[in-house]
Every structure is written in structure tokens, then in C-alpha cells.
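Student: I have a model to go through. Can we take it step by step?

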Amino acid sequence: MTEDYPRTLFELEKRFSSDGTCRAYLFALRWPEGWTCPRCGGRNAWAVRRNLWRCGACRYETSVIAGTIFQDSHLPLTTWFRAMWQVTCQKSGVSALGLQRVLGLGSYKTAWAMLHKLRRAMVRPGRDRLRGVVEVDETYWGAEEKGVIGRLTKGKALIIVGAEEDGKGIGRIRLRRILDLTKPSLHGFILQAIQPGSTVRTDGLPAYMGLEGYVHDRQVQRHQPEGEHLLPLVHRVVSLLKRWLLGTHQGAVGHEHLDYYLDEFTFRFNRRKSASRGKLFYRLVQQAVLVDPAPFATLIKPQSLGGGGVK
Ligand SMILES: [Zn+2]
């Protein structure tokens with residue numbers, strides 16, 4: 001399928017005015033080679049009832065939204081499509097309150113849950129790791145505390161950031177929350193986010209030492225001229241991240257959901273040079289039919305932290 005997406009809100013409204021056209025679009029993105037049975041891989045199916053397909057081989061019945069983030073939603077797909085447009089068409093995304101208003105949703109909770117489900121679709125399964133020269137550094141998110149010295153993390157969330165060097169600019173980024181500044185946490189992130197063989201540039205924090213499989217470019221703090229940073233790429237990413245969290249989301253982001261906001265920030269940042277906002281919409285819909293459903297109970301459950309699982 002060639003990349004086929006609406007370019008403007010007008011095109012979106014015109015094209016996706018019924019659940020049928022939304023379903024056809026999801027179908028083409030989920031099964032670009034034609035219908036495939038999620039259970040046995042069979043390729044032949046016939047339509048039984050409305051929106052339901054039965055596998056010719058194993059008789060399993062499924063719909064285009066079963067097994068995707070749209071599963072079990074009471075909202076029409078036309079509403080989902082508008083939500084995905086709102087999330088992707090604006091440079092800074094949209095808050096739950098903003099989405100509730102613009103779509104006329106009955107409750108804040110509905111808007112909040114929609115955005116969280118969409119964030120699950122912002123990380124592409126099996127995405128490529130960063131490569132080349134990559135800066136890695138940490139930052140904090142949370143209440144400013146007086147009297148806390150150094151790298152203590154009480155009451156704050158610790159975020160680790162990887163940023164690829166791209167000429168004088170920034171290439172792609174990866175962010176995630178980590179539990180502490182120990183060697184397993186830091187090295188675990190590097191292994192997960194950065195292709196072995198790459199050059200990893202860090203500050204002088206001892207826990208970064210002993211990095212295996214990478215070229216370690218350790219920048220030891222000397223006298224920094226005013227306004228200059230040891231790791232300027234990460235510094236820029238962090239200031240953009242904080243501006244976004246404080247601006248679009250007014251700082252109302254709890255630690256337990258922070259990783260999903262980091263995913264959304266990364267999704268948008270890594271596509272910031274995309275010529276068309278419609279292309280972001282296309283990517284989001286494409287990934288939304290590839291990731292597993294996220295029932296409400298899993299949205300409010302605290303996330304596990306610092307594990308080695310690939311996200
Ligand atoms: Zn089957």
C-alpha cells in the first residue's frame with residue numbers, strides 16, 4: 001500500500017465520515033497483503049454478520065479492530081480518527097481537556113483514556129536502535145525540593161535520555177524512566193536504546209564506566225563556559241521535553257504515567273522533520289492496529305520500572 005493519508009482536516013472530515021470508511025482504512029493498514037487469520041495465518045475468509053470475518057481454515061471469527069487498541073471501545077471509529085488527527089496535526093499534541101473539548105466528549109476520563117491508548121501505539125514494536133554518536137544523560141521530573149543535594153531522587157522521577165548526533169543537530173532520540181543511577185539501570189538503557197558498536201558520550205558519572213560493546217566517550221566536567229553544556233544535544237531535548245510537559249500538559253503528569261508521555265514526545269520529536277502532519281497520522285493509525293489492546297484497568301495500573309524488557 002502506498003502511503004495514503006489525509007493532508008488536511010478537510011480531507012479527513014470528507015473521507016472518514018462513516019465507520020465504514022474508517023474500517024476500510026484500518027483493514028488496508030492491518031492486512032496490507034490481504035486478510036490474514038490472527039490465529040492460524042489462513043488467508044481465506046468470508047464475511048459473517050457486519051464487520052466480522054470467519055477464517056476459511058480454522059473458522060475463527062475476528063473483526064478489523066479485534067486485537068488492536070480500538071477493541072472494546074464504545075466510541076465510533078470516526079471519533080477515534082478525529083482524536084488521532086488532533087494528536088498528530090498539532091506540533092505540541094493535545095491535552096485530555098483539549099481533546100474532550102474539541103471532540104465534544106462526555107467526560108474527561110474518556111479523553112484521558114483515549115490519549116493513553118494512543119500513546120501505546122506510539123512506540124513501534126521492533127524499532128531500530130540509535131546509532132553513530134549518541135549522547136546519554138539523565139534528568140529529573142517532579143517537585144523541586146529544597147535541600148536536596150546532588151543526584152538524590154526522592155520525590156522525583158529520573159529520566160534517561162539518548163540523543164543521536166546529526167551534523168550540528170539532533171537525530172533521533174530515546175527516553176525512559178529509570179529507577180536509579182546504578183550501573184544496571186544506565187547500561188540497561190544503553191543496550192536497549194543504542195546499537196552496539198556506536199559511540200556513547202556521557203559525563204563523568206562513575207556508573208557509566210565499564211561499558212562493553214560500545215566506544216565510550218567520557219566527557220569529564222571541567223570549567224564550562226557560561227551557557228555551554230557538556231552534552232548539548234541531551235540538554236536541548238530535555239528543555240523541549242519540560243516545556244512540552246509544562247505547556248501542553250501543564251505539568252499534570254504523574255510519575256506512574258510518565259513513560260507514556262515520554263513515548264508521545266519521542267514519537268513527535270523523531271518525526272519533527274516530516275513534511276506532512278498527515279504522515280504522522282498515517283504512522284499512528286498503522287501502529288494502532290499493530291499493538292495489543294490496552295484495557296482501561298491497564299491504563300491506571302502503575303508501570304513496572306527499569307526492567308530489561310524491550311519496549
Ligand atoms: Zn484461521
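Student: Is Cys-55 buried or exposed?
Tutor: This is a predicted model, and the call rests on computed accessibility. The cut-off for buried is under 20% relative accessible area. Cys-55 has 0% relative accessibility, so Cys-55 counts as buried.

Student: How does Cys-40 count by relative accessibility?
Tutor: The band between 20% and 50% sets the class here. Cys-40 has 41% relative accessibility, so Cys-40 counts as partly exposed.

Student: Which residues coordinate the zinc ion?
Tutor: The donors are SG atoms, at 2.3 to 2.4 Å. Their residues follow the spacing C-x2-C-x14-C-x2-C in sequence. They are Cys-37, Cys-40, Cys-55 and Cys-58.

Student: What arrangement do the four donor atoms make around the zinc ion?
Tutor: Four donors count as tetrahedral if all angles lie between 85 and 135 degrees. The angles here are 102 to 112°, so the arrangement is tetrahedral.

Student: How many residues apart in sequence are the parts that Cys-40 and Cys-55 tie together?
Tutor: Cys-40 sits in the loop between helix H2 (19-30) and strand S1 (45-48). Cys-55 belongs to strand S2 (residues 52-55). The pair therefore ties together parts that lie apart in sequence by 15 residues.

Student: At what angle do helix H7 and helix H8 cross?
Tutor: H7 spans residues 232-247 and H8 spans residues 258-269. Their crossing is right-handed. The axes come within 11 Å and cross at roughly 115°.

Student: How do the residues of the contact of H7 with H8 divide?
Tutor: H7 contributes residues including Leu-241 and Trp-244. From H8 come Glu-264, Phe-265 and Arg-268, among others. The division is 10 nonpolar, no polar and two charged.

How values were computed. Residues numbered from 1 in each chain as written. Predicted model: local features only at pLDDT ≥ 70, side-chain atom pairs only at ≥ 80, totals over all residues. Heavy atoms only, no water. Donors = N, O, S within 2.8 Å, 3.2 Å for Na, K, Ca; no water. Tetrahedral: all angles 85-135°; square planar, octahedral: opposite > 155°, others 65-115°. Helix = DSSP H or I, 4+ residues; strand = E, 2+ residues; numbered from the N terminus. Buried < 20%, exposed > 50% of the residue type's maximum accessible area, 1.4 Å probe, protein only. Axes fitted to C-alpha atoms, helices over the stretch in contact; angles between N-to-C directions. Left-handed = near helix turned anticlockwise from the far one by under 90°. Contact = heavy atoms within 4.5 Å. Nonpolar A, V, L, I, M, F, W, Y, C, P; charged D, E, K, R; others polar.
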